[in-house]
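Please open the model in your viewer and keep the selection panel at hand. The stops below go from the ligand to a sheet and then to a single loop residue.

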Amino acid sequence: MQEITGSILTKTRPLMLSDVTIRLGSRMLLAVSAKVMPGEVLTIMGPSGSGKSTLLAFAGGFLDRAFEVSGRLLIGTKDLTETPANQRHAGILFQDPLLFPHLSVGGNVAFAIPPAVKGGKARRALAEAALKEVGLGGFFDRDPDTLSGGQKARVALQRVLVSAPEFLLLDEPFSKLDAPLRRQMRELVFSKAKAAGLPTILVTHDGADAQAAGGRVIEIGIEEKA
Ligand SMILES: Nc1ncnc2c1ncn2[C@@H]1O[C@H](COP(=O)(O)OP(=O)(O)OP(=O)(O)O)[C@@H](O)[C@H]1O
């Protein structure tokens, strides 16, 4: 499986937030500069409303036009700042797994496999192998609605990983899981991110998540400016 997954992974490069500032009207929401190395998890913490999700939206390319942004986002030497979201190769996990209800579990994963992988059989084999890797072998034809929260989270993770992302953006992806599942899931996500050499930005309220991530932590605060 490692080989099959490996064959659709792209090269790994550092992710750079270069002098990024985000304003909302007269309010300076945040100012961040950071270089996230391949396999590193950078954790962003801060109070509610401080702009954590906004920073991920900037990196993912889906920031609302209400925000005024300066600075650049780079992957390696490639400037992604103006690149549309669907061309950024960002792998994003939110609080909710957001599985497509009209597709089977396997269909959710197969859907994300890059078009460069041709042929229904090959795509199905990749999706099946990805599911098996997280203990969901035999789940391909299941309806996502019949899965537990932890199972859905694993499907969402594999859907992201088979898409051959160049970096990961994690917006509180463990917060709806109970404590034992939360521990398991974060170990799984971080180990896979590191194994794949993906630069990763994690937003969390939970210090234990940050500790498990094992990387640097940036604390952002709330400041008002005239
Ligand atoms: N589309 C939008 N238009 C205008 N203001 C917005 C928009 N989205 C978010 N905001 C505001 O931007 C600020 C930052 O919001 P953001 O969701 O990034 O905070 P957060 O740190 O992720 O909070 P939480 O921890 O509660 O998720 C908040 O004041 C919020 O009200």
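Sorted by residue class, the shell around the ligand holds three nonpolar, seven polar and two charged residues, where Ala, Val, Leu, Ile, Met, Phe, Trp, Tyr, Cys and Pro count as nonpolar, Asp, Glu, Lys and Arg as charged, and the others, Gly among them, as polar. What you are viewing is a predicted model, in which local features need pLDDT of at least 70 and side-chain atom pairs count only at pLDDT 80 or more, while totals for chains, interfaces and linings use all residues. For your selections, residues are numbered from 1 along each chain as its sequence is written.

Select the shell itself: it consists of Leu24, Leu29, Gly46, Ser48, Gly49, Ser50, Gly51, Lys52, Ser53, Thr54, Asp64 and Ala66, a residue being near a molecule if its C-beta atom, placed from the backbone, lies within 6 Å of it. Helix α2 (residues 52–60) contributes the most to this shell, with three residues; helices (H or I, at least four residues) and strands (E, at least two) are DSSP runs, numbered from the N terminus.

Next, colour the open sheet of four strands, ordered β2-β1-β4-β5 with antiparallel pairing, where two strands pair if DSSP finds at least two bridges between them. Its edge strands, each pairing on one side only, are β2 (27–36) and β5 (78–79). Between β1 (residues 15–24) and β2, which run antiparallel, there are eight bridges, and Val20 has Val32 in β2 as its bridge partner.

Finally, centre on Thr204, in the loop between β8 (200–203) and α7 (207–213). Thr204 is buried because 22 other C-beta atoms lie within 10 Å, the cut-off for buried being 20 or more, with C-beta atoms placed from the backbone. Thr204 and Met45, 159 residues apart in sequence, have C-alpha atoms 5.7 Å apart.

Conventions
A residue is buried if 20 or more other C-beta atoms lie within 10 Å of its own, exposed if 12 or fewer, and partly exposed in between; C-beta atoms are placed from the backbone.
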